[in-house]
Amino acid sequence: MNPLYHKARFLLSAPDVSHLPPDTGSEVAFAGRSNSGKSSAINALTGQKSLARTSKTPGRTQAINVFPLDESRRLIDLPGYGYAKVPAKMRAHWQRALPEYLAARESLRGLVIIMDVRHPLTDFDRQMLEWCVQAGLPAHVLLTKADKLKRGPGMSTLQRVRSELDRDFPQTSAQLFSAAKGDGIEALHRQLDEWLEESEKQQAESY
Ligand SMILES: Nc1nc2c(ncn2[C@@H]2O[C@H](COP(=O)(O)OP(=O)(O)O)[C@@H](O)[C@H]2O)c(=O)[nH]1
Ligand SMILES: [Mg+2]
């Protein structure tokens, strides 16, 4: 149990990257296809039932939600991609804004990409990973809804995803996760710790 993540609270919903809080301290962003289980993963990792809203019918709202953990660290919930009912104009906007955010945001330490374990590495996911490579940003893949597969098929999906990542997107790690069962939370906390605590140290050393 890591109490830092349980301190997460909702700060604001930004319609655009220009409305994000000042680019200081450190943050980790979460991305994923609509309905992949992103909101459920954020709720599970923060130990809060309804911090990020979850729904069975994905919404049209496309905004960035900001969840501070303390004065200098935050989680960033990016708009879900690949949702057909999002108006074309808005889709075009995020298609431009997301890679810009990944490349320009100084405080951004890494990206968690949520994928349904039954449908990993879609074209959208690969696009996001490509933008991470271009931005020199590490990524961590959560294969969520792992409770939907038996242990054997789950493990072989993880192995297959890892070998594809090794080939196409080195610097990217992967794990199984289940918000429903609470599996994989500790491994995710360790990855977030590495990104958020390392940068705290770097800041301390630079004074
Ligand atoms: N079985 C199972 N269902 C999940 C899990 N995570 C999310 N879901 C379900 O998947 C649907 C979409 O989840 P949500 O978190 O809203 O996805 P988002 O659109 O990516 O934010 C909801 O019906 C959730 O209850 C999981 O770990 N296991
Ligand atoms: Mg959601």
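Predicted model: local features only at pLDDT ≥ 70, side-chain atom pairs only at ≥ 80, totals over all residues.
1. Residues are numbered from 1 along each chain as its sequence is written, chains are lettered from A and ligands numbered from 1 in the order in which they are written, and side-chain values use heavy atoms, with hydrogens and water left out.

2. Back to ligand 1, which has two further oxygen contacts to look at. A backbone N or O atom of Asn35 is 2.7 Å from a ligand oxygen, and a side-chain N or O atom of Ser39 is 2.9 Å from an oxygen of the ligand.

3. Ligand 1 is surrounded by 18 residues, the closest being Asn35, Lys38, Ser40, Asp147 and Ala179 (a residue counts if one of its heavy atoms lies within 4 Å). By class, this shell holds 10 polar, 6 charged and 2 nonpolar residues (Ala, Val, Leu, Ile, Met, Phe, Trp, Tyr, Cys and Pro are nonpolar; Asp, Glu, Lys and Arg charged; the others, Gly among them, polar). Helix 2 (residues 38–46) supplies the largest share, 3 residues (helices are DSSP runs of H or I, at least four residues, and strands runs of E, at least two, numbered from the N terminus).

4. Helix 5 (residues 151–168) also deserves a look: its 18 residues reach 26 Å from first C-alpha to last, close to the 26 Å expected at 1.5 Å a residue (1.5 Å times one less than the number of residues). Its buried residues are Gly154, Thr157, Leu158, Val161, Glu164 and Leu165 (buried is under 20% relative accessible area, exposed over 50%, partly exposed in between). They lie on the same side of helix 5 because they cover an arc of only 135° around the axis, taken from the directions to the C-beta atoms. Exposed Gln159, Asp166 and Arg167 are on the face turned away from that buried side.

5. Finally, Thr122 is in the loop between strand 5 (108–116) and helix 4 (123–135). Thr122 is buried, at 15% relative accessible area, and its side chain makes a polar contact of 3.0 Å with that of Asp125 (N or O atoms within 3.5 Å; within protein, one must be able to donate a hydrogen and the other to accept it, and residues adjacent in sequence count only if both atoms are side-chain atoms).

Key
Buried < 20%, exposed > 50% of the residue type's maximum accessible area, 1.4 Å probe, protein only.
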